[in-house]
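Here are my notes on the model, as numbered points. Please read them with the structure open.

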Amino acid sequence: MNKTILAIIGLFGIIDIFCMALLYYNTSMLTWMHANTYFMFIGTLFAAGSVIALSITAFRVKAFVNDELAKRIVIGALVIVFLSVTLRMTIQPFYLEWMSAVISTNDGITFPHTLIIAYNETFGLRISAWLMSVLGILMMGYSVWKYRNAVFTSGLRMVLASSAIILIAEILNRFAFFIVK
């Protein structure tokens, strides 16, 4: 497929995800009315997209890719996932600060009425997702380090396992984001 067409399709996909985040940001759900919504949507796009692309690449073209290119592909996906997860974890304290300020000034006219209680109910789910993301990043980094000369052959199982863990963590993160009581 033409690289220009692929780039245009990718750009439209990013714009689509941004528009979805914009729709959620402009709802009556108080927990979604923060820049955290944009970071969560775009972060999931890059993290899940890179591990899905890595998994497909590792399965489909492992016989056609030399060891150096395979290592660079895994490192590229690892960097994207690391930056995505780190950026989303960095925004969380600002999100909590914003929620504290909203609680002191809001009379609870939008859902959820008890903002912190709704956020705290998903604590275990969110922490599990973040821990799984970190575990997946560490496993992927270890696979690059240990199997640096054969990351798509000898290290394939670890690359796929770390990708699966990161993907499950992203699903849990999305689920925790959408839970509103």
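1. Ser163 sits in helix 6; helices here are DSSP runs of H or I with at least four residues, numbered from the N terminus. Because its relative accessibility is 2%, Ser163 counts as buried (buried is under 20% relative accessible area, exposed over 50%, partly exposed in between, with a 1.4 Å probe and protein chains only). Leaving aside neighbours within four places in sequence, Ser163 is in contact with Val51, Leu54, Ser55 and Met140, where contact means heavy atoms within 4.5 Å.

2. The model is predicted: local features need pLDDT of at least 70 and side-chain atom pairs count only at pLDDT 80 or more, while totals for chains, interfaces and linings use all residues. Residues are numbered from 1 along each chain as its sequence is written, and side-chain values use heavy atoms, with hydrogens and water left out.

3. What does Leu54 touch, leaving aside its neighbours within four places in sequence? Leu54 is in contact with Ile73, Val74, Ala77, Met140, Phe152, Val159 and Ser163.

4. The largest nonpolar core has 28 residues, and Leu54, Val74, Met140 and Phe152 have the most contacts inside it. Such a core is a set of buried Ala, Val, Leu, Ile, Met, Phe, Trp, Tyr and Cys residues joined through side-chain atoms within 4.5 Å. At least two residues of this core come from each of helix 1, helix 2, helix 3, helix 5 (123–146) and helix 6. Another core, of six residues, lies apart from it; Leu30, Tyr95, Met99 and Leu115 are among them.

5. Helix 3 (residues 67–105) packs with helix 6 (residues 156–178) at an angle of about 25°, their axes 13 Å apart. Axes are lines fitted to C-alpha atoms, for helices over the stretch in contact, and angles run from 0 to 180 degrees between N-to-C directions. The two helices are therefore roughly parallel (under 35 degrees; over 145 is roughly antiparallel, 65 to 115 roughly perpendicular, the rest oblique). Val74, Val81, Val85 and Arg88 of helix 3 make the contact with Val159, Ile166, Glu170 and Asn173 of helix 6.

6. Helix 1 (residues 3–25) and helix 2 (residues 36–60) pack at about 150°, with axes 9 Å apart, which means that helix 1 is roughly antiparallel to helix 2. In helix 1, the residues that meet helix 2 include Ile14, Phe18 and Tyr25; in helix 2, those that meet helix 1 include Tyr38, Phe41 and Leu45.
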